[in-house]
Amino acid sequence: MNMNTNTIAKYLLLLLLPAFAGCKKWLDVTPQTQVKEEEQFSTQQGFTDALFGIYTKAAGQQLYGNNLSFGMLDVLAQYYENKSNTSTHYGQLARYNYTYNGTTGVNVQQMISDIWSNMYAAIAQANYILKNVDSRKDVLKGNIYNLVKGEALGLRALMHFDLLRMFAPAWLDGANAQAPAIPYMELFTVSPAQRLTVEGVLNKCEQDLVAAETLLAAYPDIDQIADNQGVTSLDLVTMYRQNHLNYWAVKALLARLYLYKGEKEKAFAYANEVISSEQFRFMQPGEFSGDATLVTSDLTLSREHVFSLYVSDLKSTADLLFKQSSNSIETTDLFSTRAKLDAMHEASVPGYGSDIRRVDQQIFWTQLTASVVYSKKYHSDMPTNVKQRLVPVIRLPELYFIAAETAPATADGVAYLNAVRTARLLPALATTLTGTELMAEIQKEYRKEMYGEGQLFYYYKRRNVVTIPDGVGNPMSEAKYVFPLPLAELEFGK
């Protein structure tokens with residue numbers, strides 16, 4: 001099946017929106033398009049604007065600013081308790097009813113279509129840059145060419161990989177390697193593209209990420225967001241590198257991709273590179289505050305971000321979904337219960353009481369009642385605190401989880417998992433665990449650590465988990481793990 005021309009044309013039209021405040025006006029679809037494209041890329045600033053346009057699109061509500069982080073994907077992972085209401089889109093999502101088209105509220109079919117169209121719009125933006133970057137290399141100074149091209153390639157791979165993880169069956173040790181997946185768009189064009197197989201898409205992602213790794217090796221430096229807060233500079237390409245798909249983020253994504261494909265040696269090697277780089281470290285409890293009104297508030301643990309997105313309107317979203325007052329509880333909020341969170345954090349296990357992620361530690365949670373507990377991770381009550389407007393895409397603990405799962409020896413895997421546990425003030429596990437026991441412990445830590453980040457559903461899918469903890473949609477099946485293609489694709493694609 002092809003990606004239809006009408007849909008691609010719509011994606012390209014989305015690019016006409018301003019990329020971010022102060023950005024140049026985008027080209028119009030007029031006979032003067034070619035001239036305006038030449039103007040757009042006649043300066044380094046034009047490339048910077050185009051690159052930032054991708055990040056702005058990715059940070060939108062339809063993508064990582066909601067649906068692909070704390071929103072839709074975490075509803076599917078069964079984190080929240082509003083799923084009991086089947087008359088809402090959350091209740092239907094929790095039951096994997098992807099065709100739900102309610103007469104009131106949010107249309108699940110439209111949510112899925114919005115993810116598809118916005119991801120391909122951002123991919124088209126990356127291709128727009130890649131179409132021009134080599135021929136206009138002369139306007140890019142120093143390492144900027146490497147950064148712009150490397151980030152565009154890396155972002156293209158990231159978004160295709162996440163589309164694959166949503167809209168295609170899981171790899172499952174190669175069982176679905178030849179299953180039809182999604183188109184891999186490499187050109188800035190309205191020409192339709194054939195869907196590739198799961199293996200074909202993964203190979204394209206790998207190819208782009210390896211190329212990005214080579215390019216970005218010219219600038220491996222990471223400047224910590226926490227250290228740059230309040231700093232202004234015209235050189236936004238080389239600042240706030242944690243908010244760019246940087247050199248280390250590409251390696252982290254390669255670790256994630258190779259794990260997905262079952263290439264454990266490569267996954268372990270890349271995860272270990274990021275871990276041993278000493279560019280990132282676990283934050284200590286004394287370094288952040290649960291009080292969102294303070295400049296020290298850092299509940300997404302920014303020093304652990306390998307790559308995160310700046311979401312300018314995160315406060316308004318968080319205020320709607322993660323309440324701080326019992327006066328405004330709504331069924332469309334994202335909340336859990338004290339009992340479910342205590343079970344997730346193994347509160348009854350002796351010695352586990354010091355886990356900083358637990359509700360009773362009062363750092364990451366607002367408990368309004370026993371049946372209504374909200375995450376504080378995205379609370380943003382300090383206007384000058386840049387750290388409060390970040391959504392992690394990949395954090396350091398995930399690299400330790402990948403290393404734990406792929407380590408050559410089980411005892412080594414336990415040691416990697418223990419690094420996360422001890423950072424969260426949990427006791428270390430015995431290195432005598434069996435491989436099966438280790439995998440069970442890894443799953444528990446994914447649940448504790450990834451709340452609000454959109455990664456747990458992907459974990460369950462990759463592992464083909466049949467019974468999701470606390471799930472109302474069990475038993476799981478391929479149909480529940482795979483998003484249906486948008487109706488427009490089914491209607492026009494041949």
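Visitor: Which residues does Pro427 touch, not counting residues up to four places away in sequence?
Guide: Pro427 touches Gly351, Tyr352 and Arg421, not counting residues up to four places away in sequence; contact means heavy atoms within 4.5 Å. This is a predicted model, in which local features need pLDDT of at least 70 and side-chain atom pairs count only at pLDDT 80 or more, while totals for chains, interfaces and linings use all residues. Residues are numbered from 1 along each chain as its sequence is written, and side-chain values use heavy atoms, with hydrogens and water left out.

Visitor: Where is Pro427 found?
Guide: Pro427 is in the loop between helix 15 (410-423) and helix 16 (435-449). Helices (H or I, at least four residues) and strands (E, at least two) are DSSP runs, numbered from the N terminus.

Visitor: What is the relative accessible area of Pro427?
Guide: The value for Pro427 is 32%, so the residue is partly exposed. Buried means under 20% relative accessible area, exposed over 50%, and partly exposed in between (1.4 Å probe, protein chains only).

Visitor: How do helix 3 and helix 6 pack, then; at what angle?
Guide: Helix 3 and helix 6 (residues 108-133) pack at about 165°, with their axes 9 Å apart. Axes are lines fitted to C-alpha atoms, for helices over the stretch in contact, and angles run from 0 to 180 degrees between N-to-C directions. The two helices are therefore roughly antiparallel to each other; angles under 35 degrees count as roughly parallel, over 145 as roughly antiparallel, 65 to 115 as roughly perpendicular and the rest as oblique. The crossing of helix 3 and helix 6 is left-handed, that is, the near helix is turned anticlockwise from the far one by less than a right angle, clockwise being right-handed.

Visitor: Which residues meet there, in helix 3 and in helix 6?
Guide: From helix 3 come Phe47, Ala50, Leu51, Gly53, Ile54 and Lys57, and from helix 6 come Asn118, Ala121, Ala122, Gln125, Ala126, Ile129, Asn132 and Val133. By class, this contact of helix 3 with helix 6 has 9 nonpolar, 4 polar and 1 charged residues. Here Ala, Val, Leu, Ile, Met, Phe, Trp, Tyr, Cys and Pro count as nonpolar, Asp, Glu, Lys and Arg as charged, and the others, Gly among them, as polar.

Visitor: What else does Ile129 touch?
Guide: Not counting residues up to four places away in sequence, Ile129 touches Phe41, Phe47, Ala50, Leu51, Ile54, Val148 and Ala152.

Visitor: How many residues has the largest nonpolar core?
Guide: That core has 160 residues, and those with the most contacts inside it are Ile129, Leu164, Phe167, Phe307, Leu399 and Phe483. Helix 7 (residues 144-167) gives the most to this core, with 15 residues. A nonpolar core is a set of buried Ala, Val, Leu, Ile, Met, Phe, Trp, Tyr and Cys residues joined through side-chain atoms within 4.5 Å.

Visitor: How many residues of helix 14 are buried?
Guide: In helix 14 (residues 396-406), 11 of its 11 residues are buried. Among them are Leu399, Phe401, Glu398 and Glu405.

Visitor: New topic: how far apart are the axes of helix 8 and helix 10?
Guide: The axes of helix 8 (residues 198-216) and helix 10 (residues 247-260) are 9 Å apart, and the packing angle is about 155°. That makes helix 8 roughly antiparallel to helix 10, and their crossing is left-handed.

Visitor: What makes the contact of helix 8 and helix 10?
Guide: The contact includes Leu202, Cys205 and Leu209 of helix 8 and Val250, Leu254 and Tyr258 of helix 10. Its residues divide into 13 nonpolar, no polar and 3 charged.

Visitor: What about phi at Asp173 and at Leu301?
Guide: Asp173 has a positive phi of about 55° although it is not a glycine, and Leu301, also not a glycine, has a positive phi of about 60°.

Visitor: Is Asp173 buried or exposed? And Leu301, buried or exposed?
Guide: Asp173 is exposed, with a relative accessible area of 75%, whereas Leu301 counts as buried at 5%. Asp173 lies in the loop between helix 7 and strand 2 (180-183), and Leu301 lies in the loop between helix 11 (264-276) and strand 4 (305-310).

Visitor: Lastly, which residues does a cis peptide bond join?
Guide: A cis peptide bond joins Asn474 and Pro475, with omega about -5°. Pro475 sits in the loop between helix 17 (456-462) and helix 18 (478-481).
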